[in-house]
Amino acid sequence: MQEIKVIGIGGIGCALLPFLCRYLNYREERVRITLIDGDEFERANAPRQAFERPGNKAQVKAAEMARQFDGLSFRAVPEYITEANVGRALQDGDVIFLAVDNHRTRKVVSDYCEKLHAVILISGGNDFTDGNVQVHIREGGRDRTAPITRYHLEIRDPRDRSPAELSCEELMARGAPQLLFANLAVASAMLNAYYTICHGALRYGEVYIDIVEGKSNPVTREGEGVR
Amino acid sequence: MTDPLKQATRIRPATAPATPETVRVIYGVHSLDVNIAGRSVTEVRTTLRQALNIAPQAVAIVDGREILESHVLQPGEVLEFVRLAGEKGTIPL
């Protein structure tokens, strides 16, 4: 069974999941999708995030997807990813969609992926009107594309904290303006990367997106470019 | 992989500059072909910092390889300053 993990069920995760699930639901391969997020959906998030009801984001969204896509298996992990639980959450052979808004969690996931024999990590994030997606592929214990920490010092040495380390007041205060369309653009770029990987056609390790410029720019670095 | 898909995804992102005497500079979606051969990466970073809003900590890569800031650019090279990973919260339009 193919295991897919979606970490972060916020603006990008919510945009990504319906399309990912519809795509996978009609393939012959058996797939289990695990949604991972410790955050709670509140009505104030509604302009940018689609949930049927308040509650833990992973649990609410997993239940929604399970009702819509009966060909897939779903599981919810209502926790933030930390160094303490990453080994339980991720396994060899996983396809991971990392859709979080902090570098600390990215580093925890990336460091763990570097220890795995085989993994596909697709990490996406956005600022207000632009964003980027990094792809880290490991096969046979070797990197086919660069780990997401390699060229991103802000992820390698994060100065922020995991949401698991923040108080309720800090979590409330960290809200920054976000644009639904930027979330959608990054989610789309993550799915495009997944599709090209599935077909052995990925030729980049990172892609930049800017919705105001109307541009995307895929870049290839040392040792990357052909899969 | 199917052949039609191969043809449809023939992406060549870090291609050489349009003219062989220039250097291509990439930052995010922006790409410029400029006459800066002979200058160091540090000089280019300083010169283009404001125009492209290059973050001070952005890693510099030449032809796909991480290089020293003292590297002197050669005609035809591609210099990328790696745009920081998105984490929301920059200034809206």
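In the predicted model, the interface between the two chains brings 43 residues of chain A into contact with 32 residues of chain B. The size of an interface is often given as the accessible area lost when the parts come together. Here, chain A and chain B bury about 3,400 Å² between them, and carbon and sulfur atoms account for 58% of that area.

Polar and charged groups also take part in the pairing. Between chain A and chain B, 12 residue pairs are in polar contact, both residues at pLDDT 80 or more. Two salt bridges are counted between chain A and chain B. One salt bridge links the side chains of B:E80 and A:R221, with an N to O distance of 2.6 Å.

On chain A, several elements each supply at least two residues of the side that touches chain B. The helices are α4 (103–113), α5 (153–156) and α7 (180–198); the strands are β7 (119–126), β8 (130–139), β10 (206–210) and β11 (215–219). The largest share, five residues, comes from β11(A). By residue type, the side of chain A that touches chain B divides into 15 nonpolar, 14 polar and 14 charged residues.

Chain B itself contains two helices and five strands, which follow the pattern α-β-β-α-β-β-β along the sequence. Of the 93 residues in chain B, 41% are buried. Among contacts in chain B between residues at least 6 apart in sequence, 53% join residues at least 24 apart. Chain B exposes about 5,100 Å², of which 52% is supplied by carbon and sulfur atoms.

Conventions:
Residues numbered from 1 in each chain as written. Chains lettered and ligands numbered in written order. Predicted model: local features only at pLDDT ≥ 70, side-chain atom pairs only at ≥ 80, totals over all residues. Heavy atoms only, no water. Contact = heavy atoms within 4.5 Å. Buried area = accessible area lost by both parts, 1.4 Å probe. Salt bridge = Lys/Arg side-chain N within 4 Å of Asp/Glu carboxyl O. Polar contact = N/O pair within 3.5 Å; in protein donor to acceptor, adjacent residues only side chain to side chain. Helix = DSSP H or I, 4+ residues; strand = E, 2+ residues; numbered from the N terminus. Nonpolar A, V, L, I, M, F, W, Y, C, P; charged D, E, K, R; others polar. Buried < 20%, exposed > 50% of the residue type's maximum accessible area, 1.4 Å probe, protein only. Areas by Shrake-Rupley, 256 points an atom, 1.4 Å probe, with all protein chains shown as cover.
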